[in-house]
Amino acid sequence: MTMEKRKTREDFPDNYYQETDPGMRRAILVEAEDTSANRIRQRLLDLRYSKPARAKDGQWTDAYVKLWMALKFAAQYANSFFGGRGARRDVRRILDELQIAQFLEEGREARELLYREFYHGAYVYIRLCSMDRNYSSTLMGMVPMKEDSVQAKIARDIYESLYVGVRFAQVEEELSLFRQAAKDAFDDYMPAQREYLQEMIDNG
């Protein structure tokens with residue numbers, strides 16, 4: 001999603017939350033007014049994105065995607081009597097790095113902005129999954145899945161990561177906003193599978 005036509009202050013903060021490129025988001029925020037809300041947005045942005053020291057392509061690392069992957073890995077241990085301590089530790093480490101507990105304790109404004117950033121992160125993840133050829137195909141990427149099958153797969157991914165994985169990692173309090181934001185993002189962008197996801201949640 002490009003914001004070439006939406007760079008004015010009058011469009012803020014809508015343009016900020018519609019943009020998916022981390023560099024562009026930084027540029028938009030730099031042009032915004034210095035307010036308490038924007039200072040919180042800046043902190044969230046700085047904690048979420050980083051550039052690996054050895055990155056050759058200049059790409060940013062998204063810690064929210066990393067958190068999602070850690071939760072997905074943790075979910076694999078949910079029905080196992082062995083292992084999983086490392087998975088729990090990885091989730092906790094990422095939460096500490098993102099300072100999630102601190103934002104939750106700062107009051108209503110910080111919680112609302114954390115929710116919006118989580119919603120943005122969930123949308124980015126859903127978008128990546130829907131566009132990835134390997135994710136949306138079978139038989140080693142040679143046969144594309146139907147659109148409704150891809151959406152159902154993403155719904156299962158959300159449930160396994162943000163419900164099963166979150167429960168196993170014992171971080172339900174810290175990630176209740178992330179869980180709600182991901183569900184809301186999925187419901188908004190893939191409404192045809194809304195009931196499918198809700199059924200998994202209700203029966204979980």
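Buried residues (under 20% relative accessible area, with exposed over 50% and partly exposed in between, using a 1.4 Å probe and protein chains only) make up 44% of the 204 residues in the protein. The model is predicted, so local features need pLDDT of at least 70 and side-chain atom pairs count only at pLDDT 80 or more, while totals for chains, interfaces and linings use all residues. Residues are numbered from 1 along each chain as its sequence is written, and side-chain values use heavy atoms, with hydrogens and water left out.

**Overall fold**

- The protein has ten helices and four strands; helices (H or I, at least four residues) and strands (E, at least two) are DSSP runs, numbered from the N terminus.
- The order of elements from the N terminus is α-α-α-β-β-α-α-α-α-β-β-α-α-α.
- Of the contacts (heavy atoms within 4.5 Å) between residues at least 6 apart in sequence, 62% join residues at least 24 apart.

**Packing of helix 4 and helix 7**

- Helix 4 and helix 7 pack with their axes 9 Å apart, at an angle of about 70°; axes are lines fitted to C-alpha atoms, for helices over the stretch in contact, and angles run from 0 to 180 degrees between N-to-C directions.
- The two helices are therefore roughly perpendicular to each other (65 to 115 degrees, where under 35 counts as roughly parallel, over 145 as roughly antiparallel and the rest as oblique).
- Helix 4 contributes Tyr64, Val65, Trp68, Met69 and Lys72 to this contact, and helix 7 contributes Leu114, Glu117, Phe118, Gly121, Ala122, Tyr125 and Leu128.
- Tyr64, Trp68, Phe118 and Tyr125 are also, together with Phe178, members of one aromatic cluster.

**Aromatic pairs and charges over rings**

- The whole structure holds 13 aromatic pairs; rings of Phe, Tyr and Trp (its six-membered ring) pair if their centres lie within 6.5 Å, and planes under 30 degrees apart count as stacked, over 60 as edge-to-face and the rest as tilted.
- One of these pairs is stacked and consists of Tyr77 and Phe168, at 6.3 Å centre to centre with 20° between the planes.
- Tyr77 lies in the loop between helix 4 (63-75) and helix 5 (85-98) and Phe168 in helix 8, so the pair ties together parts that are 91 residues apart in sequence.
- Tyr77 counts as partly exposed at 25% relative accessibility, whereas Phe168 counts as buried at 12%.
- Tyr115 and Tyr119 form a tilted pair, with 6.3 Å centre to centre and 45° between the planes; both lie in helix 7 (residues 108-131), four residues apart, about one turn of the helix.
- The charged end of Arg88 sits over the ring of Phe168, 4.0 Å from its centre, the criterion being NZ of Lys or CZ of Arg within 6 Å of the ring centre and within 35 degrees of the ring normal.
- Lys153 lies over the face of Tyr135, 4.3 Å from the ring centre.

- Asp157 lies in helix 8 and is buried, with a relative accessible area of 4%.
- The Asp157 side chain makes a polar contact of 3.2 Å with the side chain of Tyr135; a polar contact is a pair of N or O atoms within 3.5 Å, where within protein one must be able to donate a hydrogen and the other to accept it, and residues adjacent in sequence count only if both atoms are side-chain atoms.
- Not counting residues up to four places away in sequence, Asp157 touches Trp68, Lys72, Tyr125, Cys129 and Tyr135.
- Glu174 lies in the loop between helix 8 (147-169) and helix 9 (176-189) and is buried at 17% relative accessible area.
- A polar contact of 2.8 Å joins the Glu174 side chain to that of Arg92.
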